[in-house]
Amino acid sequence: LPADVPKVELTRQIDSLLTRMGLAHIRESIIGDEHIRGISGGQRKRVNIAIELLTEPSLLFLDEPTSGLDAKSTLEVMSILRQLASNGKTIIMTIHQPRLEAFEMLDNLILMTKGGKLAYYGPASDAASFTAEHSGRSPREDGNPADFVIDTLESPKVTPDEWKNHYIESAYFKSFVESRLADQKQITHEVTYFARPFFSQF
């Protein structure tokens, strides 16, 4: 924050953040490190997120915020992020093999195959049906969609380039392109204002 922010305002913002992040009850606790025992791993993750939120960024990018956490702490962190997103905060995050409860909190999902090829971008709730449609596999009704999607994308039956083409030919891609072009009032199939041709970016 700027150096000229009054201490009263700074304290107010910190108090508000501690409450929003569910950390008010440990405000006097030591965070700790590898030598000194302090707060839990999940609480430490929430402290890190709170520090980023202190400046009220328009976008929050998090690299595996649940990495190393147990199931309970993972859900605590994801619940906080879900609440922030529901209140209008844009959050982009990477997550590795999320539990079902965590997966169901996601709005949109980007799936990448080997070589960084974009295989899917759309509602998280549709990811399993999309990958099932183009792989010939069927997810278990009682299974975790995230596990199914990851296993399917890693299968050699469909190559990364084939996944990319499946996505480009899908209604999800069309919706994505149209939403990007709508702001410029030019819904066309040719995009020329990117540094590289649009389709070569995937």
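Trainee: Is Thr-66 buried or exposed?

Mentor: Buried means under 20% relative accessible area, exposed over 50%, and partly exposed in between, with a 1.4 Å probe and protein chains only. Thr-66 has a relative accessible area of 11%, so this residue is buried. Please note that this is a predicted model: local features need pLDDT of at least 70, side-chain atom pairs count only at pLDDT 80 or more, and totals for chains, interfaces and linings use all residues. Residues are numbered from 1 along each chain as its sequence is written, and side-chain values use heavy atoms, with hydrogens and water left out.

Trainee: Where does Thr-66 lie, and which residues is Thr-66 in contact with?

Mentor: Helices (H or I, at least four residues) and strands (E, at least two) are DSSP runs, numbered from the N terminus. Thr-66 belongs to the loop between β1 (59-63) and α3. Contact means heavy atoms within 4.5 Å. Neighbours within four places in sequence aside, Thr-66 is in contact with Thr-74, Val-77, Met-78 and Ile-95.

Trainee: How many helices and strands are there in the protein?

Mentor: The protein has 8 helices and 4 strands, in the pattern α-α-β-α-β-α-β-β-α-α-α-α along the sequence. Of its 202 residues, 32% count as buried.

Trainee: Which residues touch the most other members of the largest nonpolar core?

Mentor: A nonpolar core is a set of buried Ala, Val, Leu, Ile, Met, Phe, Trp, Tyr and Cys residues joined through side-chain atoms within 4.5 Å. Here the largest one holds 42 residues, and Met-21, Ile-49, Leu-53, Leu-81, Leu-109, Leu-111 and Val-149 touch the most other members. Helix α3 (residues 71-86) supplies the largest share of this core, 5 residues.

Trainee: How is the packing of two helices described?

Mentor: Two packed helices are described by the angle between their axes and the distance between the axes. Axes are lines fitted to C-alpha atoms, for helices over the stretch in contact, and angles run from 0 to 180 degrees between N-to-C directions. The axes of α2 (residues 41-53) and α3 come within 9 Å and cross at roughly 20°. That makes α2 roughly parallel to α3, a term for angles under 35 degrees; those over 145 count as roughly antiparallel, 65 to 115 as roughly perpendicular and the rest as oblique. In this contact, Gly-42, Lys-45, Arg-46, Ile-49 and Leu-53 of α2 meet Ser-73, Glu-76, Val-77, Ile-80, Leu-81 and Leu-84 of α3.

Trainee: At what angle do α5 and α6 pack?

Mentor: The angle is about 30°, and the axes of α5 and α6 are 9 Å apart. Ala-127, Ala-128, Thr-131, Ala-132 and Ser-135 in α5 (residues 127-135) meet residues of α6 including Phe-148 and Val-149. The buried residues of α5 include Phe-130, and their cover includes β3 (108-113), β4 (117-123) and α6 (145-154).

Trainee: Which residues does Leu-17 touch, not counting residues up to four places away in sequence?

Mentor: Leu-17, in helix α1 (residues 7-20), touches Ala-50, Leu-53 and Leu-54 on that count. Leu-17 is buried, with a relative accessible area of 5%. From C-alpha to C-alpha, Leu-17 and Ile-51 are 8.8 Å apart in space, and they are 34 residues apart in sequence.
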